[in-house]
Amino acid sequence: MIEVYSWATPNGHKVHIMLEECGLAYRVIPVDIGAGDQFKPEFLAISPNNKIPAIVDPDGPEGKPISLFESGAILLYLAGKTGKLLPHSVAARYEVLQWLMFQMGGVGPMLGQAHHFRIYAPEKIPYAIERYTNEAKRLYGVLDKRLARSKYIGCAEYSIADIAIFPWLRSWKNQGISWSDFPHLKGWFDEVAARPAVQRGVEVLANQRKPLVSDSAREALFGSQQYQRR
Ligand SMILES: N[C@@H](CCC(=O)N[C@@H](CS)C(=O)NCC(=O)O)C(=O)O
């Protein structure tokens, strides 16, 4: 059975949703990133960048175990393993891949910074808040325009590109977004949110998640613990 080292955050939700969509059996191992579990040597052995999610599949390529970190790589691996949610036609496949890369390189990091400076930063820095809120709005605009022309983000079919982007937009309020500015994206968001596998995926570990506001959680995520050499 696939082991999923994870927490109830957008990058974790991507993998939980994918596993649910593919109907794969999995076991979740909670990595409480507010408590510093991501720095434990046994987790770093499979995820050297001290971030969730990571997976271990005992039944990997050629029947041998494989461990993987980085949510985009995990989505691609699971799509390859099951033959699901990544189109077989070469043109559509690359369309999906470009939007997956757009999520990994843009949507995740930038919306993460918007959330950080708007919610978590101990001091309110207007320049940073404005920069990342504007960037969040710009990225929502790119997606809205895409969905005015395409039923789903990657191509005409629901795919790993939708799965990668959806969990990030659940925090729209904290990113300073008003849905009325992005009607095509809102229609897509509601449709994806209604999928039974998505609803099951976002519930994984949700009851264990705590607000990351305690001093110890701030220290684990943003303090000196992050910068020790391991
Ligand atoms: N590019 C990575 C980002 C993963 C990531 O940022 N994970 C966060 C939670 S959403 C984390 O584990 N943070 C803990 C830490 O930075 O110590 C991926 O997509 O898997």
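Residues are numbered from 1 along each chain as its sequence is written, and side-chain values use heavy atoms, with hydrogens and water left out. Because the model is predicted, local features need pLDDT of at least 70 and side-chain atom pairs count only at pLDDT 80 or more, whereas totals for chains, interfaces and linings use all residues.

The ligand has 14 residues around it, of which Gln38, Lys51, Glu70, Ser71 and Gln226 come nearest; a residue is near a molecule if one of its heavy atoms lies within 4 Å of it. This shell divides into 5 nonpolar, 6 polar and 3 charged residues, where Ala, Val, Leu, Ile, Met, Phe, Trp, Tyr, Cys and Pro count as nonpolar, Asp, Glu, Lys and Arg as charged, and the others, Gly among them, as polar. An N or O atom in the side chain of Ser71 lies 2.6 Å from an oxygen atom of the ligand, a polar backbone atom of Ile52 is 2.8 Å from a ligand oxygen atom, and a polar side-chain atom of Asn11 is 3.4 Å from an oxygen atom of the ligand. Of the 520 Å² of accessible area that the ligand has on its own, the protein covers 83% (areas come from the Shrake-Rupley method with a 1.4 Å probe).

Ile52 is also joined to Pro53 by a cis peptide bond, with omega about 0°. Pro53 is placed in the loop between helix H2 (41-44) and strand S3 (54-57); helices (H or I, at least four residues) and strands (E, at least two) are DSSP runs, numbered from the N terminus. The loop between H2 and S3 also holds Asn50, a residue other than glycine whose phi is positive, near 45°. Asn50 counts as buried because its relative accessibility is 12%, buried meaning under 20% relative accessible area, exposed over 50%, and partly exposed in between (1.4 Å probe, protein chains only).

A positive phi, near 70°, is likewise found at Leu205, a residue other than glycine, in the loop between helix H8 (196-203) and helix H9 (215-222). Leu205 has a relative accessibility of 8% and therefore counts as buried.

Two further residues lie in helices. His13, in helix H1 (residues 10-22), counts as buried at 3% relative accessibility. Pro109, in helix H4 (residues 90-120), is partly exposed, with a relative accessible area of 35%. The C-alpha atoms of Pro109 and Lys137, which are 28 residues apart along the chain, are separated by 14 Å.

Notes. Polar contact = N/O pair within 3.5 Å; in protein donor to acceptor, adjacent residues only side chain to side chain.
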